[in-house]
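Reader: Hi! Could you walk me through a few spots in this model?
Author: Happy to. Let's get it on the screen.

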Amino acid sequence: MTPKSKLFSVLIAVAALSSAMVITSANAGSTPAPAPLPVAADRGMVYELARTLRISPDQALARLGREAAFARAEQNLRRALGSGFGGAYLDSDASTLTVAVTTAADGARVRAAGAVPVTVAHSEALLVHETGRLDRRAATAPKQVPGWYPDVRTNRVVVLYRDGALSAARTWAASSGLDTAMVRFEASAEQPRPLIDIVGGNAYYIGSGTRCSVGFAVTGGFVTAGHCGSTGASTTQPSGTFAGSSFPGNDYAWVRTAAGNTPRAQVNRYPGTVSVAGSQAAGVGASVCRSGSTTGWHCGTINALNSSVTYPQGTVTGLIRTNVCAEPGDSGGSLIAGDQAQGVTSGGSGNCSSGGTTYFQPVNEILQTYGLTLTVTGGTPPTNPPSPTAGPTGPPPGCGGLPGWSATTAYAPGATVAHNGRRYESTWWSTGAEPGAPGSWAVWSDQGAC
């Protein structure tokens, strides 16, 4: 491995960057943003972020440090504000974290954390709940409605429409029982389709030669997109079998590989590799990179979570919506934030010449559904697959009758655990995101002592 391909750790000098770190606000009493945190980033990832965002590598690395600090601030505010939390998002250069609150009095707490408050009518939880009404009506959505998602930036549920179908979109949204005053209808040119002709991190082949991409290695195989193959389908390079697959509704699958195939905690960076250390979920505005064999390595930012998109085959819900480009041949491939696995490529619109919108199935939901363990750095991966009945190791006992949190267990929203004498409720799919630890924002809600 050359020095350029190795991980490097850089402590961002707060003094040198202080002029870029200060958040200003029209409100009196604004406070400086939290100091950037030290980050460990792959050199190639930093360079690609710099190229994509049209900034210098130093600026890209500084951005990662700011994002890490804001992630910690958001985690703390989400816990402190509870049902009054209206969502959070970064601005275009990740120098400002805006936190929405449903009560103006909470603005002082937000400013004290180094963020900018904005008062909104709807909590984030309500936006997600109302988006669920559309999800349940997905089968009746007009063909001219390519998707919908909760938009924390505008505090609305966004419903996309094309081909002049605004009236049809309005009628359909109203039929779901959703309060249309909460909806923003947005004209779109998106023509989402599964990126079937694809290879993600690395290529693999299904049946007689259809090509898709490996998402992330797991014990005994790998995860990928559900539209790549149905349960029981065989694969080559590596050889294996689809042990589970779901599409539409979801777009996830996992392939159990044959003996001799060794899972690695790596993503292809074209050239070089990026290490995978965990699967802590990133938030709206965070920078991410995607790996696929058709177009290689591309980066961008997250536009929305819990997004729904309608393909010709049906609607898929609960996706990560990004401005990262992709093309046919990239499906199933990896989405990663720093060294944290985020999702597998589902589909999208546009291309890597003019840009586009791409959707990703969250990886932690796949791990949770199938009881899989992500292959991460720091361990020796097994060379043989587990038996079909093998499952993850159970968590240690906790307090208050709750199971203790386990770093190897995949948690779904609503799961409750005990950790360090406190009760936590999961707000997002996660594996390895420690409750109460810096950077576990948007994953665990502190419910008090147990």
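Predicted model: local features only at pLDDT ≥ 70, side-chain atom pairs only at ≥ 80, totals over all residues.

Reader: How many bridges join E27 to E29?
Author: Four bridges link E27, residues 422-426, with E29, and the two run antiparallel. Within that pairing, serine 426 stands opposite tryptophan 444 of E29.

Reader: And aspartate 446, is that buried or exposed?
Author: Aspartate 446 lies in strand E29. Its relative accessible area is 17%, and because buried means under 20%, aspartate 446 counts as buried.

Reader: What does the side chain of aspartate 446 reach?
Author: It reaches the backbone nitrogen of glycine 448 at 2.8 Å. There is also a polar contact of 2.8 Å between the side chains of aspartate 446 and arginine 422. Leaving aside residues up to four places away in sequence, aspartate 446 touches Arg79, Arg422, Arg423 and Tyr424.

Reader: Nice. New topic: how many residues of strand E7 are buried?
Author: Five of the six residues in E7, which spans 156-161, are buried, so the strand is largely enclosed by the rest of the structure.

Reader: Which strands do bridges join to E7?
Author: E6, residues 147-151, is joined to E7 by four bridges and runs antiparallel to it. Proline 150 has valine 157 in E7 as its bridge partner. The hairpin of E6 and E7 has four residues between the strands, and asparagine 155 takes a positive phi near 60° there. Five bridges join E7 to E8, residues 183-187, and that pair runs parallel. There, valine 159 has phenylalanine 185 in E8 as its bridge partner.

Reader: Where does the chain cross from E7 to E8?
Author: It passes through helix H6, residues 166-175, and this β-α-β crossover is right-handed.

Reader: Last one: what does leucine 127 touch?
Author: Leucine 127 sits in helix H5, residues 124-136. Not counting residues up to four places away in sequence, leucine 127 touches His122, Pro150, Asp151, Asn155, Arg156, Val157 and Met182. Leucine 127 is buried, with a relative accessible area of 0%. Its C-alpha atom is 9.4 Å from that of glycine 87, which is 40 residues away along the chain.

Methods:
Residues numbered from 1 in each chain as written. Heavy atoms only, no water. Pairing = 2+ DSSP bridges. Buried < 20%, exposed > 50% of the residue type's maximum accessible area, 1.4 Å probe, protein only. Contact = heavy atoms within 4.5 Å. Polar contact = N/O pair within 3.5 Å; in protein donor to acceptor, adjacent residues only side chain to side chain. Right-handed = clockwise from strand over helix to strand, strands pointing away.
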